[in-house]
Number of protein chains: 2
Amino acid sequence: CMPPLGTSSLLVLLLLLEGGMFSSSPPPSGLLEKLFQYIDLHQDEFVQTLTEWVAIESDSVQPMPHLRQKLSRMMVLAADKLQHLGAGVDFVDLGFQQMPDGQSLPLPPIILAELGNDPNKPTVCFYGHLDVQPAQKDDGWFTDPYTLTEVDGKLYGRGATDNKGPVLAWINAVSTFRALEQDLPVNIKFILEGMEEAGSVALEELIKRERDRFFSSVDYIVISDNLWISQRKPALTYGTRGNSYFLVEVKCRDQDFHSGTFGGILNEPVADLVALLGSLVDSSVHILIPEIYDQMAPITEEEKKMYETIDVNLEEYKNSSQVEKFLFDTKEELLMHLWRYPSLSIHGIEGAFDEPGTKTVIPGRVIGKFSIRLVPHMNLSVVEKQVTSHLEAVFSKRNSFNKMTVSMVLGLHPWVANINDTQYLAAKRAIRTVFGVEPDMIQDGSTIPIAKIFQDITQKSVMMLPLGAVDDGEHSQNEKINRWNYIEGSKLFATFFLELSKLR
Amino acid sequence: CMPPLGTSSLLVLLLLLEGGMFSSSPPPSGLLEKLFQYIDLHQDEFVQTLTEWVAIESDSVQPMPHLRQKLSRMMVLAADKLQHLGAGVDFVDLGFQQMPDGQSLPLPPIILAELGNDPNKPTVCFYGHLDVQPAQKDDGWFTDPYTLTEVDGKLYGRGATDNKGPVLAWINAVSTFRALEQDLPVNIKFILEGMEEAGSVALEELIKRERDRFFSSVDYIVISDNLWISQRKPALTYGTRGNSYFLVEVKCRDQDFHSGTFGGILNEPVADLVALLGSLVDSSVHILIPEIYDQMAPITEEEKKMYETIDVNLEEYKNSSQVEKFLFDTKEELLMHLWRYPSLSIHGIEGAFDEPGTKTVIPGRVIGKFSIRLVPHMNLSVVEKQVTSHLEAVFSKRNSFNKMTVSMVLGLHPWVANINDTQYLAAKRAIRTVFGVEPDMIQDGSTIPIAKIFQDITQKSVMMLPLGAVDDGEHSQNEKINRWNYIEGSKLFATFFLELSKLR
C-alpha cells in the first residue's frame, strides 16, 4: 500500500492530464515539479533532521527537571531552524509551573515565528508541538524510542508522527521554496509549544494575549496533530466532539462499613450509585437522559453522503480494535455514532473496592464518573442541567437516606468548521494534486480542544490537516511515521501554500 | 456505667438472696466468694500480666521476619504460663509460610495444652489467639499501642480485648483455682494460635488432624473472640452469618478504550456491569434474586421475643455509627436484618477507573464484586446457582456482545448453635451469678468461620462467650478492654467451670 518513491512525478503527470477538472487552473506545473523533485532528492536530509529531533527526549508529561532541560533544548533547536529560514522568532517565556507536590518546574517557552508580511498574500499560521509522551524501550518498543529507525519504509521513534514529523514537514515545505529561491506564496506564522502532552499549560492564555497582535494578521490556522482514518487515503478533519465530564457522589458517611456488621440495615451508597449509573444509557448506547438529543444539529442528506466515500474497512477496523462486534453494521452508521451523535461512557467508581481480592466492605462514600461526548449544537450548561435533573429524579425515587451530589467538572465544546472555507478548498486541491484522490472528510470522536480554542479566541478559520496514517500509534509503543507520509506530506504543505494564494 | 470495683461481693450477696430462682442449687457460696475475693485482690497482678503480653508486638498481618520473631516469643511466653499452671503443653510446629513475593516466613507454632483428664469431669477446650492487628502510635493512638495504659478504668493497648485479655481471663480463672488449692471442676484444654489476624493459616488442617486425638475427649469448645452488643450487659453469641462472595466479569477485550474514539459504537462493559449489579437489590435492601429467601429458616415467635430484651440503644447506635438513618426503626427489626436475614452488599468494581481525576476511558474488562451474607438454612451451592441464573437472565436480556462470567470465589456457611446445649445453660447461670443479669442472646451479622469450622470438624458443641464491651475498638485505634470486663470476666470463667461441672 506504500507507493514506491518517485511516484509523485507520475502524480504530477496525472494531474496535468486531469487538469481540466479544477475550477481554476492548477499551479504552474514547472514550479510544482521543481518543488517535488527537490523534496524527493533531499528526503534523506529531511529524515536526518527528524532523526535529530526525535533523539531529544522532550517528554513534558513526567515532571522531572532533566526532562524539562531537554524540552528547552528542543525548543531552541526548532527556533534555530526557523531563524535559518529567515523567520523572526519570538521566544515567549512562560515562567514556572507549580506542581502539586510543591516542586516548581520551568515551563518551556512557546515559539511565535513569522516569515513574510506581504499584505497582498494570505497569512497562514501553523500550530504544532515539540513535546512527546513518555517512552522507554522496556515499555514494549522493538527499537530505542529516541533513535529514529527505518524498517520497511516506516520511521519508528517517539514523536515521529506526534508531532515532530508534521512540524518538520511544514518546515521542509518552506525550506524547499527557500532552497529553490522561490518567493513564498503566503505569509507564514508558527506557534510551537512544548507542553501539549501535559495539557497545553499556559497556551490558551497566550493566545488570548496575542489575539490582537500576533493573530491579528492571520487568515488561516492549520493544525496537523491528528491522523488519517485510513492507512492510505489522506483526510481533512473538520470537527471534533466536545466533552462534559460528570461526577456523581453518593455519601452515607466518610468511613467504610463492614458488610457483616452493617449489611442489611442501610442504604448502601454503591447500590444507589449503581442505580444512578444504570439509568444513563440503555444497552444499545442510547442515552436515556430526557431531552438530551433535542439540541443536536439535524443530520442533512448532503452530510450523510460524505460518509459513504470515507475509506474505512469495517472488518479491518474490527480486527485492529479487537472488538468482536460493534453495535452498527455499516460504515456510515458507525462513523456517525462516533462523530455525529453524542455518546455517554461510564468510566468507573472512586471510593469503592477496586483491587484484586475479596474485601467485604460497604463503601461509605463513592463517586461515579461518566462523560458525554457532545456534538453541535449541544450546549454545555443545558447538558449540565439535563443530567443533574435526571439524576435527581432517579435518586429521589429511591427514597434513599444518603446524600447525592452531581457536578460537571470538565466542559469542552464540540468544534466544527465550515468545510467550504477557502483553506479547506485549497487543502482539498493540494491533496488531489499530491495524492491523486479526494480526501476523506472526517471528524474526530474525541475532544481536541485546541481547534475550538483557536477558533473561539481568534475567530479565524481553523483546519486540521493530518499527515500520519491511522496505524501510526501516537502515544503508544512503536510510534512511527511512514517515510512516504512524511515526504508526500512535505509536498502537500508546499502545494497547499500555492493553492491558498491562488484561491485568495 | 462501670460499677466500682468490689461490687462483685454485692453481686454474690444478691445471688445468695435470689438463689431460689435457679433450677439446681447455686455453687457453694463459700468457694465462689473465695474465688471472687482472690481475683479482686490480685487484679493488679492480672493487669500486670496483660501489660507484659500487650508489650509484645505480635503482629501477624505484616509479613516481616522481626515481627514473626516477636510472635514466636509471644507463643513461648503463653506456653510458659500454661506450664506453670501444670498444663501439659504441646508446641505444634507449622513450618514456613510461602509469601506471594517469594519470601518464606516462619509460622508461629500452635499451642495445644491440657490440664486434667478426669473421666468424671467434663472437658472444655478454650480457643484463643495471641497475634494482633498492626498498630502504630501515628495511626491515631492517644497512647503507645504496646504500652498498656489505664485511663478511667479502661486498659488501652493493641490486643487488650482482641484477644490477649480474654485468653488471660481464662488463665486467671484457672490460676485462681490453683492458688486457692481448689480442685478444678472441669478438665481444661487450650488451643492457642498466632495467625488469626492473618486468616488462621494452617489451623483448619490442624483441627482435622487432631480431631480423633486432642479433640476426642473434648465436650465443649469456648471461643471468646468477639464483643458484647452493649457497653454494660454481657452477651452469649450463638450464631454468625455465612458469606458467599461473587465476582461477575464483563469483558469486551483486555485493553481499555479511549471514550472519544470508541464511545457510541460498542457495548461498554461498565454499562453492562452496572445493569447486572443494579438488578441485585432494591432500595430497601431486599434481594431481588428469585427464590433466594426460600431456603431461609422460618422465624419463630419464640425467637422474635429474644430480640426484645437485647440491650441496644438505637439512638446511641446510630450516633456511634455516624449513620443518619437506618432502614428500620425498631431494635428488633434492625437486629433481625443484621443476624437473621441474608443481605447483599456490592463492594466495588475492579478494572474500571477508580482514582481521583477525570480519565476518559472505556474500561475493556471489569469485575463487579458483591457478597451475600447467608443465614440458616441457606445452602451455598443453591445460592450459587440462583445468583448465576439470575445474572445470566439479566445479561441475556441486554443482547450485549460482551462476555459475562460469574464465579463464587468464597463460600462460608452460616453457624448457629443450639442455645439449649449444656454449656449455654452453664454460661447463662455464670453470667447471672457474676453480673446479676440475663445475657443478651446475640448473633453476629459478620462471618466468623472459626465457630463453624470447630463445629463441623469436631462435631462438638461450640459457644462464643465474649468478655469485651461493644466500644472496645478491636482492630481500630485505641483498642481497649475495661478493667471491669477483664476482672469480672475472669470471675465469669471461674464460675462457668463450676456451673458446667454441676450441670453435667
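# Exercises on a predicted two-chain model

A:Val89 sits in strand 1 (residues 88–92) of chain A. Keep in mind as you work that this is a predicted model.

## Exercise 1: A strand residue

Task: Decide whether A:Val89 is buried, partly exposed or exposed, and find which residues it is in contact with.

Solution. 
- Step 1. The relative accessible area of A:Val89 is 22%. Buried would need a value under 20%, and exposed one over 50%, so A:Val89 is partly exposed.
- Step 2. Set aside the neighbours within four places in sequence; A:Val89 is then in contact with A:Ala79, A:Leu82, A:Gln83, A:Ile111, A:Leu112 and A:Ala113.
- Step 3. Take one of these partners, A:Ala113. A:Val89 and A:Ala113 are 24 residues apart in sequence, and their C-alpha atoms are 4.3 Å apart in space.

## Exercise 2: Helix 12 of chain A

Task: Check the span of helix 12 of chain A against its 19 residues, then describe what lies at its ends and which of its residues are buried.

Solution. 
- Step 1. At 1.5 Å a residue, the 19 residues should span 27 Å; the end C-alpha atoms are 28 Å apart, so the two values agree.
- Step 2. After the helix comes A:Asn399, with a positive phi near 55°.
- Step 3. The buried residues are A:Leu380, A:Val383, A:Gln386, A:Val387, A:Thr388, A:His390, A:Leu391, A:Val394, A:Phe395 and A:Arg398. When you look at the spacing in that list, recall that an α-helix has 3.6 residues a turn, so residues three or four places apart point the same way.
- Step 4. Now look for the cover over these buried residues: it includes strand 11 (242–251), helix 8 (269–278), strand 15 (365–374) and strand 16 (403–412) of chain A.
- Step 5. Zoom in on A:His390, which belongs to this helix (residues 380–398). A:His390 has a relative accessible area of 11%, so it counts as buried. Its side chain makes a polar contact with the side chain of A:Ser279 at 3.0 Å. Beyond its neighbours within four places in sequence, the contacts of A:His390 are A:Ser279, A:Leu280, A:Leu288, A:Ile289 and A:Pro290.

## Exercise 3: The interface

Task: Describe the contact between chain B and chain A by its area, its residues and its salt bridges.

Solution. 
- Step 1. The two chains bury about 5500 Å² between them, with 57% of that on carbon and sulfur atoms. B:Ile265, B:His347 and B:Phe401 supply 12% of the area that chain B buries against chain A, more than any other three residues.
- Step 2. Each chain brings 70 residues to the contact.
- Step 3. The interface has 33 residue pairs in polar contact. Strand 13 (residues 343–350) of chain B gives the largest share of chain B's side, eight residues. That side divides into 30 nonpolar, 25 polar and 15 charged residues.
- Step 4. Two salt bridges cross the interface. A:Lys403 pairs with B:Glu324 at 3.8 Å, N to O, and A:Glu324 pairs with B:Lys403, with the closest N and O atoms 3.8 Å apart. In the latter pair, A:Glu324 is in the loop between helix 10 (314–321) and helix 11 (331–339) of chain A, while B:Lys403 is in strand 16 (residues 403–412) of chain B. A:Glu324 counts as exposed at 59%, and B:Lys403 is exposed at 51%.

Notes
Residues are numbered from 1 along each chain as its sequence is written. Chains are lettered from A and ligands numbered from 1 in the order in which they are written. This is a predicted model: local features need pLDDT of at least 70, side-chain atom pairs count only at pLDDT 80 or more; totals for chains, interfaces and linings use all residues. Side-chain values use heavy atoms; hydrogens and water are left out. Contact means heavy atoms within 4.5 Å. Buried area is the accessible area (1.4 Å probe) that two parts lose on being put together, summed over both. A salt bridge is a side-chain nitrogen of Lys or Arg within 4 Å of a carboxyl oxygen of Asp or Glu. A polar contact is a pair of N or O atoms within 3.5 Å; within protein, one must be able to donate a hydrogen and the other to accept it, and residues adjacent in sequence count only if both atoms are side-chain atoms. Helices (H or I, at least four residues) and strands (E, at least two) are DSSP runs, numbered from the N terminus. Ala, Val, Leu, Ile, Met, Phe, Trp, Tyr, Cys and Pro count as nonpolar, Asp, Glu, Lys and Arg as charged, and the others, Gly among them, as polar. Buried means under 20% relative accessible area, exposed over 50%, partly exposed in between (1.4 Å probe, protein chains only). The expected span of a helix is 1.5 Å times one less than its number of residues.
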